[in-house]
Amino acid sequence: MPDILHRISIDAPPQRVHDLIAGVDGIARWWTGRPLTGEHAVGSSFGVYFGDAERPAAVMRVLTDTPDQVVWRVTDGPDTWIDTRITFTLRPSGHGGTTLLFTHAGWQQAGEFMSGCSTNWGSYLTSLKTGAESGAFAAYPVGEISRWD
């Protein structure tokens with residue numbers, strides 16, 4: 001099965017990066033630009049919203065939340081996202097920074113939608129990076145590069 005992979009160098013400590021990834025307020029700051037529903041705790045689920053949607057664009061179940069790894073399983077959303085896993089692995093790097101290894105794994109097949117998602121993930125991970133470093137986030141809609149209209 002094909003996967004989306006990104007590696008990002010972030011000039012911020014792993015704890016700061018983790019806090020942005022592992023909390024609904026943080027996720028809203030770097031990714032969705034809107035409040036999330038639910039909670040980010042192992043075994044719990046949260047929904048992400050974009051635009052003016054009445055129902056979540058995707059729902060993630062939190063499988064792992066440790067200082068060095070956060071893993072979500074998609075339980076609702078676009079058909080091709082269902083049962084995929086989104087993993088953020090954090091490694092300390094020189095000078096107090098973080099290396100983020102991102103994987104969105106388990107796609108049934110590569111295609112145009114997966115390519116667009118990879119592009120957008122890169123943009124939102126850049127939002128995470130700049131936000132962790134400076135507080136200047138570029139969440140949706142600013143961070144969206146590949147649109148589905």
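Analyst: One definition to start with: two strands count as paired if DSSP finds at least two bridges between them. The model is a predicted one.

User: OK, which strands does strand 2 pair with, and in what sense?
Analyst: Strand 2 pairs with strand 3 in the antiparallel sense, over two bridges. Within strand 3, Gly 47 is the residue opposite Thr 37.

User: What is the strand order in the whole sheet?
Analyst: The sheet is open, with seven strands in the order 1-7-6-5-4-3-2 and antiparallel pairing. Strand 1 (4-10) and strand 2 (37-38) are at the edges with a single partner strand each, so one side of each has no neighbour in the sheet.

User: What does helix 1 touch there?
Analyst: Helix 1 packs on the sheet and touches strand 1, strand 4, strand 5, strand 6 and strand 7 (97-105). The direction of helix 1 makes about 165° with that of strand 6.

User: Back to strand 1. Which residues are on its covered face?
Analyst: Ile 4, His 6, Ile 8 and Ile 10 are on the covered face, while Leu 5, Arg 7 and Ser 9 are on the uncovered one. In a regular strand, side chains alternate between the two faces of the sheet. Strand 1 pairs with strand 7 over seven bridges, antiparallel, and Ile 8 is opposite Leu 100 there.

User: New topic: where does helix 2 lie?
Analyst: Helix 2 lies across strand 2, strand 3, strand 4, strand 5 and strand 6, at about 30° to strand 3. Its buried residues include Trp 30 and Trp 31.

User: And what follows helix 2?
Analyst: Gly 33, with a positive phi near 70°.

Definitions and conventions
Residues are numbered from 1 along each chain as its sequence is written. This is a predicted model: local features need pLDDT of at least 70, side-chain atom pairs count only at pLDDT 80 or more; totals for chains, interfaces and linings use all residues. Side-chain values use heavy atoms; hydrogens and water are left out. Buried means under 20% relative accessible area, exposed over 50%, partly exposed in between (1.4 Å probe, protein chains only). Helices (H or I, at least four residues) and strands (E, at least two) are DSSP runs, numbered from the N terminus. Contact means heavy atoms within 4.5 Å. Axes are lines fitted to C-alpha atoms, for helices over the stretch in contact, and angles run from 0 to 180 degrees between N-to-C directions.
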